[in-house]
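Welcome, and thank you for taking a look. Let us walk through this structure together, one region after another.

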Amino acid sequence: MLTARGFKHPPKAESERSMDHPFAKYVRILGKGPGISRDLGAEEAYEAFSMVLKGEVEPLQLGAFLCLMRYKKETPVELAAFVRAVKDTMSPAPDIAVDLDWPSYADRHRQLPWFVLSALMLAQNGVRIFMHGIEGFSEGLMPTRPVLRALGLPILRDWDGVVQALDHGNFAYMGLEDFAPSLEKLFGLRSLLGLRSPVNSLSRELNVLDAPAQLQGVFHPTYSDPHRESGRISGQKNLSVFKGGGGEVQCNPYKPIKIFGLRDGQPHDVTWPASMTGTAYNWREEPLELARIVALWRGEVDEADFGHAVAAIIDTAAVALYTMGRAEEPEEARAMARAMWHDRTE
């Protein structure tokens, strides 16, 4: 091997290689180069990400690892192993029964998160929902948490609060920073690396309380099938993954939606038909005003002016009902969700 001065050194001896940092082998596996690099096996991925979460990795190694993973794209096996590592190191939760896991990890909402009303509507009808996510960016954007606060829903900080909220109103939201702080810190690296990392993908898959059903919204459709397969590997029973508004669990009623799902642990795909016709609504041009969501929920505005939002709310709730097996067909699920919307209480 030529050095900077042109001198040759013999290949590194095995004894020298054994002196490498313990994490170096995982960077080496991913970064050797075309035809030599390979994906991590399940146990390799588990051990590597466990080291990351425990702070046993040098900053330079962490940056290299995340960038290499992003470049090659995580495999379902790797994602499932990363999720297992997080769940083995996160703040342990008591045995809390929930029906539906609802992740919210898109950090740059450029449209209103109407899906929050879908979740509240389902909760009013007995569906126990655990929603979890990150703070997100608020300047010129509209993340999930301000909407929850405007609707009088707290950002819970501990499991006792989650239990109380679920028992009181069937809905609880907890921030990633309070049950997996080491994972939450990795989100902050995006501004340093200039790109997303596996953290954005695996957080959606956590299913923190092991709910029998889970929803996942993704921004890039190509991630749908890998997320579904990762869920299958992890033992998820019922799951719906689809391209959602802004990467969240929110249907666009103007477009058919391809759902990559699991039913009883087996792959199950369905194309969710559009419920609206005519010129598609430009979601990114709607005013990002909290008052609009609150007013619609409380029936203080003319629904005719919010047809796009109502359809998105109903469709999203319908997908949840379908995922949980409470409806067998899209139209049956929509009819159920529509009735829930009209019978909601403030």
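A residue counts as buried when its relative accessible area is under 20%, and as exposed when that value is over 50%. Please keep in mind that the model you are looking at is predicted.

With those cut-offs in hand, turn to the loop between H12 and strand S4 (213–218), where you will find Asn207. Because its relative accessibility is 4%, under the 20% limit, Asn207 counts as buried. Its backbone deserves a look too: the phi of Asn207 is near 45°, which is a positive value in a residue other than glycine. Most residues other than glycine have a negative phi. The loop between H12 and S4 also holds Asp210. Phi is positive there as well, near 55°, and Asp210 is not a glycine either. Is Asp210 buried or exposed? With a relative accessibility of 56%, which is over 50%, Asp210 counts as exposed.

Strand S3 covers residues 171–175, and Gly175 lies in it. The relative accessible area of Gly175 is 0%, so this glycine is buried. Which residues does Gly175 touch, if those up to four places away in sequence are not counted? They are Gly133, Arg145, Ile155 and Leu156. Take Ile155 as an example: 20 residues separate it from Gly175 in sequence, yet the two C-alpha atoms are 6.9 Å apart in space.

Strand S5, residues 238–243, is the place of Asn238. Asn238 counts as buried because its relative accessibility is 15%. Its contacts, leaving aside neighbours within four places in sequence, include Pro212, Ala213 and Gln214, and also Leu262, Arg263 and Asp264. Thr323 is another residue in contact with Asn238.

Thr323 brings us to helix H15, which runs over residues 307–323. This helix has 17 residues and reaches 24 Å from its first C-alpha to its last, close to the 24 Å expected at 1.5 Å a residue. H15 is mostly covered, with 16 of its 17 residues buried. Just after the helix comes Gly325, whose phi is positive, at about 80°.

Next, consider how nonpolar residues come together. The largest nonpolar core has 56 residues, and Trp102, Trp114 and Phe171 are those with the most contacts inside it. H15 gives the most to this core: 11 residues. There is also a second, separate core of 49 residues, with Leu62, Leu166, Leu186 and Leu202 among its members. Going back to Phe171, its contacts beyond four places in sequence include Ala119, Leu120, Ala123, Ile129 and Met131. Leu148, Leu153, Ala165 and Leu166 are in contact with Phe171 too.

Finally, look for space inside. Rolling a probe the size of a water molecule over the atoms shows where empty space is left. How many cavities of 30 Å³ or more does a search of the whole structure find? The search finds 3, and the largest cavity has a volume of about 70 Å³. Helices H10 (181–187), H11 (190–193) and H12 (198–204) are the elements that give two or more residues to its lining. Among the lining residues are Leu66, Asp107, Leu186, Phe187, Arg190 and Asn200. By class, the lining has 7 nonpolar, 2 polar and 3 charged residues.

Definitions and conventions. Residues numbered from 1 in each chain as written. Predicted model: local features only at pLDDT ≥ 70, side-chain atom pairs only at ≥ 80, totals over all residues. Heavy atoms only, no water. Helix = DSSP H or I, 4+ residues; strand = E, 2+ residues; numbered from the N terminus. Expected span 1.5 Å × (residues − 1). Buried < 20%, exposed > 50% of the residue type's maximum accessible area, 1.4 Å probe, protein only. 1 Å grid on protein atoms, 1.4 Å probe; cavity = no way out; pocket = protein on both sides within 12 Å on 5 of 7 lines; lining within 4 Å. Points joined across faces, edges and corners; volume = space filled by probe spheres on them. Nonpolar A, V, L, I, M, F, W, Y, C, P; charged D, E, K, R; others polar. Core = buried A, V, L, I, M, F, W, Y, C linked by side-chain atoms within 4.5 Å. Contact = heavy atoms within 4.5 Å.
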